[in-house]
Amino acid sequence: MYNYLVKLKVIGENILSDLSRNLEQEIKRRRTFAIISHPDAGKTTLTEKFLLYGGAIAQAGAVKGKKSARHATSDWMEIEKQRGISVTSSVMQFQYEDYCINILDTPGHQDFSEDTYRTLMAADSAVMVIDASKGVENQTRKLFKVCVMRKIPIFTFINKLDREARNPFELLDQIEQELGIATYPVNWPIGCGKEFKGVYDRHNRHIMSFAATGGSHQVAATEVDLSDSSLANLIGSENHSNLMDDIELLDGASDEFDMEAVNCGLLSPVFFGSALTNFGVEPFLENFLKMTTSPLGRNSSQGPIDPFDDKFSAFVFKIQANMNKAHRDRITFLRICSGKFDKDMEVFHVQGNKKLRLSQPQQIMAQEREIISEAYAGDIIGVFDPGIFSIGDTVCSPSCKFEFASIPTFAPEHFERVYAKDTMKRKQFVKGVTQIAQEGAIQIFREPDTGMEEVYVGVVGVLQFDVFDYRMRNEYNVELVKEGLPFSYIRWIENKDIDPKELKISSDTKLVEDFSGNYLLLFTSEWNIRWALERNEGLILSEFNQGDI
Ligand code: G4P
């Protein structure tokens, strides 16, 4: 009997140790990154090539629509199709070699950089795609600043070398000057456009030569050593001599490769290639996967949470309603931060102070959704949400009740006063405005002591107004009356011991209240902010309502 019990114990221990080994292996092979770019730089094309390598799609064009339909299938909303911009971000998972990769697509337009920021909270690194002929573009700047705030590793893919491109030294210089990050070219382009001959791999000191074969959509790549005598023939003697000069300059002048600096977001490894012709994409993916880490821990009210901890934990970084017109639903996206998720497990929703089971857990591949039974730290899962979650919420095993650090809100810079044209539609108006605000797509305020017949809508980028208006009409069937307001600055009143209604403020400053009962002031100029601070001794105003960005 005793022997039998000992045997059982050993079997039990073995199973447990197998499970934890399995957990560790599964988490270690995960990579979760966001992809950012100015619209048209080639983000969708690059993502598609990644998916092709991973076998997640069978042919090019599966992610991207036809030429006439300028949108990717990861763009859900009609408005995105009409404007050809990506408003919301989507998530895709695929396997490549031993890796399990989660790509978080982000809106390309700066007006939605708040959404990008939230998405970056769920990523462990970011890939920045830059058009080689255009360099750093307007909308990349704001998105990039958002990345820097998160201090996450940024990998740069300079795309479209098969077209005329700017000088690569100039491009790197621009990234360094304008974005304030050091660069380390991992490979180096040889010529561009019709003269594009390939890239030089600085680590292995060999050349991957580029030869278009029948149209620009295919390419033959050959590898040649830098010391190979046939090299000058292969790439042309002028290109060869330019390359030798460039290498000398690069080896002498560029920053040393420092993985620590990469991990802190201070140094960006740079790759050159052409996503459309599939040139340089796989070496980029392979290097990127080797250089990036497995899922990183996140800070919580109980200190850092280790991703390898066997207790499940996750936070909400995105909520999206009505993704699919056929099912009027609301999906909440969670980034798993530790342990393993099982579909039938009971979890604790910290902010709601409630135990629950997550309903219809799914992973999303562009428009297709797949119900999943398990997921690990690093993964993103979407769950059906009856309206209980808010951005930043924590969900974890019932035995560990901590909260993850909150996701800060950006200060809106544009404001409108909004109400329903048809007063009979009050109920739909309130529902629409509340839900869209819960998703973080807009921020809403009201005049103190008033109801919700009329709200002040604040946004970071004006296109968010269009999306809000469109969604109210199409999803909630409410025609809006909107009045633009002259305010550009918002400040939360930090003092809890004063009556905000007694404050001395200029006639063009407005006192409003958010829906958590906090008081705020809307200002038309910085001058007015100073005016208010000078006239009201001890007044404390803050730009963000939670945490610091
Ligand atoms: P985005 O998601 O960043 O907005 O860019 P997207 O991939 O949609 O690419 C924008 C345009 O640039 C597309 O052309 C795409 O084919 C092209 N492109 C992407 N990568 C490369 C590249 O490496 N070389 C060249 N020459 N072109 C590239 P389009 O004509 O606007 O659309 P389509 O006809 O390809 O659908």
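**Before you start**

The model is predicted: local features need pLDDT of at least 70, side-chain atom pairs count only at pLDDT 80 or more, and totals for chains, interfaces and linings use all residues. Residues are numbered from 1 along each chain as its sequence is written, and side-chain values use heavy atoms, with hydrogens and water left out.

**Stop 1: the mixed sheet**

Select the open sheet of 7 strands, ordered 2-3-1-4-5-11-6, with mixed pairing. Helices (H or I, at least four residues) and strands (E, at least two) are DSSP runs, numbered from the N terminus. Two strands pair if DSSP finds at least two bridges between them. Now go to the edges: strand 2 (91-96) and strand 6 (182-185) each have a single partner strand, so one side of each lacks a neighbour in the sheet. From one strand to the next, the twist averages 30°. Angles run from 0 to 180 degrees between N-to-C directions, with axes fitted as lines to C-alpha atoms, for helices over the stretch in contact.

Next, select residues 125-131 and 154-159. These are strand 4 and strand 5, which run parallel and are joined by 6 bridges. Pick Val129; opposite it in strand 5 stands Phe157.

Contact means heavy atoms within 4.5 Å.

Then show helix 10 (residues 281-291). Helix 10 lies across strand 1, strand 2, strand 3, strand 4, strand 5 and strand 11 (267-272). To strand 5, helix 10 runs at about 175°.

**Stop 2: the ligand**

Center on the ligand. It is surrounded by 19 residues, and the closest are Asp40, Lys43, Thr44, Thr45 and Asp162. A residue counts as near if one of its heavy atoms lies within 4 Å. Helix 2 gives the largest share of this shell, 3 residues. By class, the shell has 4 nonpolar, 7 polar and 8 charged residues. Ala, Val, Leu, Ile, Met, Phe, Trp, Tyr, Cys and Pro count as nonpolar, Asp, Glu, Lys and Arg as charged, and the others, Gly among them, as polar.

A polar side-chain atom of Ser37 is 3.4 Å from a ligand oxygen atom. A backbone N or O atom of Lys43 is 2.8 Å from an oxygen atom of the ligand. A side-chain N or O atom of Arg163 lies 3.1 Å from a nitrogen atom of the ligand.

**Stop 3**

Move to the open sheet of 8 strands, ordered 27-24-26-25-29-30-28-31, with antiparallel pairing. Strand 27 (480-485) and strand 31 (541-542) are the edges, each pairing on one side only. Strand 25 (residues 443-446) and strand 26 (residues 454-459) run antiparallel, joined by 3 bridges. Select Gln443: its bridge partner in strand 26 is Gly458. Helix 12 (residues 463-475) packs on this sheet, touching strand 24 (414-420), strand 26 and strand 27.

**Stop 4: Arg150**

Finish at Arg150, in helix 5 (residues 138-150). Beyond residues up to four places away in sequence, Arg150 touches Tyr117, Leu120, Met121, Ala123 and Arg298.

Key. A polar contact is a pair of N or O atoms within 3.5 Å; within protein, one must be able to donate a hydrogen and the other to accept it, and residues adjacent in sequence count only if both atoms are side-chain atoms.
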